[in-house]
Amino acid sequence: MLEIKNLHADVEGKAILRGIDLTIQPGEVHAIMGPNGSGKSTLAHVISGRDGYDVTEGEVLYRGKNILDMDPEERAGEGVFLAFQYPVEIPGVTNTTFMKEALNSVRKYRGEDELDAMQFMKVIREKTKQLGISNDMLKRAVNVGFSGGEKKRNDILQMAILEPSLAILDETDSGLDIDALKTVADGVNLLRSPENATLVITHYQRLLDYIVPDFVHVLAKGKIVKSGDKSLAQELEKKGYAEFTDQAA
Amino acid sequence: MKQDNAMTTPFVDQYDGLKPALPGHALPWMTALRDRALDSFAEAGLPTQRRESWKYTNLRGLKQLELTEQALTPQPISIDRAPSLLPDGSAYRVVFVNGGFRSDLSDLAGLPEGVTLGSVAELAESQPQRVEALLAAHRDTNDQPLVALNTAFMRDGLLLQLEAGRKLDKTLEVIHVNSAENGVFAHNARNLISLATGSEATILEHHIGLNGAAYYINAANDVTLAEGATLRHYRIQAEGENAVHTSTMNGQLAGGSFYDGFTLSIGAGLSRNETSMKLTAAGARCHLNGGYLMRDKQHCDTTTVVDHLSPQTSCREVFKGVLDDRSRGVFQGRIVVHPQAQQTDGHQLNKVLLLTDTAEINAKPELEIYADDVKCSHGCSAGEVDHDALFYLRSRGLSEDSAKALLIQAFLAESVSEISDEALHDVFLNKISDWLAI
């Protein structure tokens, strides 16, 4: 489903990703862990198409298509979704307007009919019910005045509505207390299916207690230095990242 | 003030020839008023950039208009329907075409008692004392040469006068349609609005110009609000792409009165919207809000002067600008708190989005405070569309263009939400969407 081959990327001339290889199959959950500055968020951004990154080598194939030349909106249409570390506040745009535009853009890309206001409200009510999210959030401006937990829940709601086949969670646990973390994890788990894959990017092991990965990869200095199953996450929690940073250096 | 003859003379030279045909010529007071105004204009000259308040706006372009006697006598154009923004019957309607009142396109049926509404030119004939009294409320000064120019040459405009306690029960839509299809022209529109104690009105004013040849509109608006009167005055300036539009408003606000103004500027090659408000007694409130959306090489100048002359008066200004291509915006906001004006509450905000590297904003907030117990703030910012927000929206599937349009719309909605008559929000939001869709 996702094949990353020898991916190198620079930010302002500085090499951040230095040869990443990663293959994700449908239905799998992969976790990428690593110390600060190892390139975790850069990887998430490069996959989702944020500008400001120069890919100098390698490719990212998504369902066989090289997505590196695509605009972020095209990648969203292809089914790539990024849950943000810091979801952006957009004053003046209500959540409903935003999500309706988003869903219809994606549907249009996928060759499906756009939904009218009534049809959209039906979808959104279904999803908020499924995720146990209050409808109050819909009338408010996107993320404005939302608590950290609400912002992340809002991202998960967008994910539920857009039905991506690859969800990338970029440090979704940062700034969340344990209850908010559980709610977010429950949402992610609810949306998992044998056809969909999830890439969890995190510094800490605790999120992985709730979203249990099939594979864990350690990223250090722009490379994957070790891969294993979920026990690797527990090992990291005990020992820290020191051995890998030394190894990569 | 040294004058620029090349731009001033065409007007001055035509005056004697045009005088006999100007409305109210038979009225000695009117002729005297015009003569004095012409002298004042001739002395001051058409404003140039040497004048501090005109530093960023240049009327040089007017030189290219051949302002002959004929051009200063605007010719009617044939039009059988005014492009109204409000459903028929939901509003009173006053229509001016190339400056002249068109009763056949207007709708004044069912006006309540105590309301005088119509054309200044017609009322100067039928009720000269009324027009004289309204014009006397304002004195031409050397500070406003464009108002003096207007007084000398004014032909027609809106007159709205409400007696004490009267309320205009429907919105008044004032439509000015302009086109130079029958040749270049210049028109001086004079609008006189006076609301007596406790009266209330809502005006939606729409200036529409057909694209093509250039023309010049110089409007002057005199607004007087007595104790406790309320005027909601919302304007859309959508002149033709080559037009020059200057508008000067002078307002006097008595105790407890409220002026709620919003101006959306999207048209004209060059425009200047100048507002001067005097808050003369406690409880006078003034809201001057607006948006300016410019593209290509358009130029839009918003200049406001608010004089707090009494204790306990307040003003609030929220302006939002969106500048694309090589367009240019000017915002000059002056708030003067006079020594006696304790407990003034003044707030001013001007925020601009620059969509290109070549767009330009000249912003000059000026607070002059001579009292010590006041609350006054101002904010000014200019920036690009938020990159993080743009990526957030695009990562959810929105195209770059729709993401940008959504963010610009949201940016402008903040100023539109200042309009106190919520029923009219959509009129402005729709205009903004239309502009974004181009």
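**Aromatic contacts**

Author: In this predicted model, B:F331 counts as buried, at 0% relative accessibility.

Reader: Which ring pairs with B:F331, and is the pair stacked, tilted or edge-to-face?

Author: The partner is B:F319; the ring centres are 5.4 Å apart and the planes stand at 50°, so the pair is tilted. B:F319 belongs to strand β15 (residues 314-323) of chain B and B:F331 to strand β16 (residues 328-337) of chain B, 12 residues apart.

Reader: Is B:F319 buried or exposed?

Author: B:F319 is buried, with a relative accessible area of 4%.

Reader: How many aromatic pairs are there over all chains?

Author: The whole structure holds 11 aromatic pairs. One of them joins B:F262 and B:F428 in an edge-to-face arrangement, 5.0 Å centre to centre with 75° between the planes.

Reader: Where do B:F262 and B:F428 lie?

Author: B:F262 is in strand β11 (residues 258-265) of chain B and B:F428 is in helix α8 (residues 425-437) of chain B, so this pair ties together parts that are 166 residues apart in sequence. B:F262 is buried at 2% relative accessible area, and B:F428 is buried at 0%.

Reader: Which residues form an aromatic cluster?

Author: A:F84 and A:F98 form one aromatic cluster together with B:F391 and B:Y392.

Reader: Turning to charges, what sits over the ring of B:F258?

Author: The charged end of B:R285 does, 3.9 Å from the ring centre.

Definitions and conventions:
Residues are numbered from 1 along each chain as its sequence is written. Chains are lettered from A and ligands numbered from 1 in the order in which they are written. This is a predicted model: local features need pLDDT of at least 70, side-chain atom pairs count only at pLDDT 80 or more; totals for chains, interfaces and linings use all residues. Side-chain values use heavy atoms; hydrogens and water are left out. Rings of Phe, Tyr and Trp (its six-membered ring) pair if their centres lie within 6.5 Å; planes under 30 degrees apart count as stacked, over 60 as edge-to-face and the rest as tilted. Helices (H or I, at least four residues) and strands (E, at least two) are DSSP runs, numbered from the N terminus. Buried means under 20% relative accessible area, exposed over 50%, partly exposed in between (1.4 Å probe, protein chains only). A charge sits over a ring if NZ of Lys or CZ of Arg is within 6 Å of the ring centre and within 35 degrees of the ring normal.
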